[in-house]
Amino acid sequence: MRNKHYPNLFTPIEIGNMVVPNRIAMVPTDISSANADGSVNQRVITYHEEIAKGGCGFIIVGATTPDKATGRPTVTCLAADEDPLIPGLTHLAEAMHRHGAKCAVQIQHPGRQAAWPRKNLMSASDHVLDVPGSAGHEIIYAESIAQGKSVRAMTVEEIYDLIEKFAEAAWRVQQAGFDAVELHGAHGYLIAQFMSPFVNKRNDRFGGSFINRMRFTMEIVNRIQIKCGRDFPLGIRYSGDEWIEGGRTLDESVKVAKLMEEMGLAYVDISAGIFESPGTVMDPMYYPEGWNTYTAEEVKKHVEIPVITSHSLRNPDYCEKILAEGKADMVGFSRQLIADAYWSNKAKMGKKEEIRRCISCLVGCWQESLMIRRDMRCAINPAVGDERFIHLQPTKKACKVAVVGGGPAGMEAARISALRGHKVTIFEKTGELGGAMLYCCTVPGKNKMRWYADWLRQQMKKLGVDVKYCTEPTVADLKGYDVVLLAAGTRVVRPKIPGIDLPIVVTFEDVLRCKNTNCEYYPDERGEPVECGQEVLIWGDHFGAADAAEKLGHAGKKVTIVTENQDFAEWMEPCHRDVMMKRFACGNGEGLKSKTYAHPVTIIPNSSVLEIKKDGTVVIISSAFERSTVKVDTVVLAKVESNDSVYETFLEAGLNVAKIGDAKKIRNVRGAVTDGANAALVIEEGAILNANNGLISNLPTGVEL
Ligand SMILES: Cc1cc2nc3c(=O)[nH]c(=O)nc-3n(C[C@H](O)[C@H](O)[C@H](O)COP(=O)(O)O)c2cc1C
C-alpha cells in the first residue's frame, strides 16, 4: 500500500538481488564502540538495532577495517580481519534483520588517516599530512599548531596483500549473514587516496592516469567478486567532488560510476570531500539541506544502478522531493539517525514535527568522541551510547521538580523528568524558552539550532510541563519542591575597567537578540537587536564572541576580536572552526555557496582590554605587556561566567538543589543536555544531596544517611 504522506520514500527498491523495503539508507557511520579487538558488543548491536526498529530500510554499518595491524580509522572501530569476528557480526546482522532492515558492512582502510597505529602509516603516496579535522590526526588540542603525520607510499607487495585482505573481510561479512558489502572510497581514506589525483602521486601502474588510479579499487572489486560471487551485492561510496584544488571533480566521478557499473557493482553511494576540506566530509551547521545532492543527480544520469545521496538531509518533505524528482534512488542519513533513530517511522506516520532533527553541531558525534579516541555520543540525543535512556525507568512515585532556567539543560531535564512521571515546573526569567540556543537564530547559517530549541519547546507543551515565564524564583517559591535544578546558564562578565559603562559598550546578547515576530513559541515582539556602528571590537572567546563576529562580519561590519588565548575559538568543533576561519579571511567553506564576509575579521590573540575611551579608542595590552589601540564605534562584551549566584542561598535554605548545564560549568549544548538528562534520571522520592552535593537516590539497602 502506498504511503499517504511520503509515497516515494516508502517504495521498495531492488539493489542487486536484494529488495530493500524503503528508500531510506543509513550511510556508514563508525560509532567507534566496538571492543578493542574490533569485535561486536552489545553497544554496537543496540545502536544498529534501534535504527532498524526505527524503520530504516538499508543500514550500512560504518567503517570496518580489513587489517587492524596497519589501520584503524578510529581506535575502537569494528574489524573483519579474523574469522573469530564472524559470530559477533552475525549477531549484529540478526539484530537488524529482526526488524525488517537489509544491512551491509562498509570495509574501510584509513591509510594515512589511521587513528591507530599512529606511526609508519601507509598510503598511495608519501605526503606528510596535516588533516586536523580527522580522527587520525596526531595532535588535536595539546598544541595549537596541528602536526602532520609522516606517511609512506605502499610497496606493490603491500598493495596486493591488502587487496586480498579486503576480499577476505568482505567474505567474512557475507559469512556473517549480511546482505551486501560496501567499499569506502570516500573522504581521503585509503581507497580514496589511490583514486584521488590530489593524493596519488605514484608513477607506477597504481598512479597517474584515471585507470591507474582506479586500479587498486578495481583489483579489490575483482577479488571480492571471485571470493563472494558476482551476485553478492557490492557497492562503493566515494566523493562526487573532493573540494580541493587538484582533487577529483564531478566529471571524473561520473566516469568512476560508469566503470563501477561495468564491473558489476550493485549501487553507488555518493558522498563528498576529502579531509583537507573537512567541512564537506562532515558538514557543519552552515551547510544547507541537501547541498551535495546535485552530485548524485549528475551521476544518476549516467548509470542504471541505484544511486544513494547523503549530506545534511533532515526533513522528510525535502527527501521525498529528491526522490520524486528522480535526483537519487535512495536518501542517506548518518547524523540524523544518531539524533533520532526513529526518523523513518515518524515520517511514515506523518509525524514529522516529532522528529528530533540533527543540528549538524558535530560536538557529540565527533569533537568529543571519535576525534579524541572515545566512543560516539550525540549532543542532543542522550540515548546514544547510554542505554539508561533507551529503557527509561518510570518513577515509582511522582516528585515535584523545579527547574530554574529554560535553556537546553533545563528543558532536557524537564523532558526526561516528565517522561518518567514527575511533575515539572520551569521558572524562566525571560518571556520564552530556549536560552542560549536562541542567539544562534540570528547567526547566518546557524539557525539549525532553532530546530532543536523548537523541538524541546514542543515537547514541553506535549508533556504538560508547567512554565512560569518572566519569573526568577525565591527560596519561598521553591520550598514545596522535592528537587530544584539550577539551569540558569551564563551571564556576561563586566570587568571593572575604565569605560565599561559607556553607551558604546554592549553585550553579545544585545547584538544577537532575535527579533522574529512570527514565532509559534513567542508571538510577541522581542525588541530590536542593538545596532552596532561600522567598526566593532568584540572582547571574549566563547560562542557569544564567535556568533557576534559571524553576524556582524556577515553584515559588512569591520570586526576585531580580542582574546586572551593564543588562538581564537580553539574550543570549537574543528569543521565549524575551519569554515568560520575561512570566512573570517573573506573566503567561504568549500562547497558553500552562501555570501562570504564583506570585510576580514581581525583577531588579536594573547591580549586583553585595559580601557575603553569615550571617543571609541580601546587600549589593548598583550601578554608581553605591549600596549596598542584600536578605534571603534561599538565594543561588544562576550566573556561569560556561570550564572549560579543563587546556588549557595538555595543550598543554605535546605533545598535539594543541583546545578546543571552552563550554570555548573561553561561548555556547549552537549554538556548542557547531558547534564539535564543525567540529573533527571536520578530524581526519585527521597532524593538527597550526597557529600559532594551531587543529587542521588535509590541508596542500597543498609545504607542509612
Ligand atoms: C560520527 C561519524 C562517523 C562517520 N563514519 C563514517 C564511516 O564510517 N564511513 C563513511 O563513509 N562515512 C562516515 N561518516 C560520514 C557520514 O556517513 C556522512 O557522510 C556525513 O556525516 C554527512 O551526512 P549526514 O549529514 O547525514 O551526517 C561519519 C560521520 C560521522 C559524524
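A: Arg172 counts as buried because its relative accessibility is 7%. Buried means under 20% relative accessible area, exposed means over 50%, and partly exposed lies in between, with a 1.4 Å probe and protein chains only. This is a predicted model, where local features need pLDDT of at least 70 and side-chain atom pairs count only at pLDDT 80 or more, while totals for chains, interfaces and linings use all residues. Residues are numbered from 1 along each chain as its sequence is written, and side-chain values use heavy atoms, leaving out hydrogens and water.

Arg172 forms a salt bridge with Asp83, and the closest N and O atoms are 2.7 Å apart. The pair links distant parts of the chain, 89 residues apart: Asp83 sits in the loop between strand E5 (78–79) and helix H2 (86–97), Arg172 in helix H3 (residues 156–175). Helices (H or I, at least four residues) and strands (E, at least two) are DSSP runs, numbered from the N terminus. Asp83 is partly exposed, since its relative accessibility is 40%. A salt bridge here is a side-chain nitrogen of Lys or Arg within 4 Å of a carboxyl oxygen of Asp or Glu. Side chains of opposite charge can pair when their charged atoms come close.

The structure holds 47 salt bridges. One of them joins Asp340 and Lys346, with the closest N and O atoms 2.7 Å apart. Asp340 is buried because its relative accessible area is 4%. Another joins the side chains of Asp644 and Lys659 at 3.0 Å, N to O. This pair also links distant parts of the chain, 15 residues apart: Asp644 is in the loop between strand E27 (640–642) and helix H19 (647–652), and Lys659 is in strand E28 (residues 657–659). Asp644 is partly exposed at 22% relative accessibility. Lys659 is partly exposed at 23%. Salt bridges that share partners join Asp83, Glu168, Arg172 and Lys227 into one network.

Next, a histidine. His109 lies in the loop between strand E6 (102–107) and strand E7 (121–123). His109 is buried, as its relative accessibility is 1%. The His109 side chain makes a polar contact with the Thr70 side chain at 2.8 Å. A polar contact is a pair of N or O atoms within 3.5 Å; within protein, one must be able to donate a hydrogen and the other to accept it, and residues adjacent in sequence count only if both atoms are side-chain atoms. The His109 side chain also reaches the backbone nitrogen of Gly111, at 2.9 Å. Beyond neighbours within four places in sequence, contacts of His109 (heavy atoms within 4.5 Å) include Pro66, Asp67, Met122, Phe166 and Tyr189.

Asp547 is in helix H17 (residues 543–554). Asp547 is buried, given a relative accessible area of 3%. Setting aside neighbours within four places in sequence, Asp547 contacts Cys440, Val443, Lys446 and Leu512.

Last, strand E12. Both faces of E12 (residues 307–310) are covered, with Val307 and Thr309 buried on one side and Ile308 and Ser310 buried on the other. In a regular strand the side chains alternate between the two faces of the sheet. Strand E11 (residues 267–271) runs parallel to E12, joined by three bridges. Two strands pair if DSSP finds at least two bridges between them. Val268 stands opposite Val307 in E12. E12 also pairs with strand E13 (residues 330–333) in the parallel sense, over three bridges. There, Thr309 stands opposite Val331 in E13.
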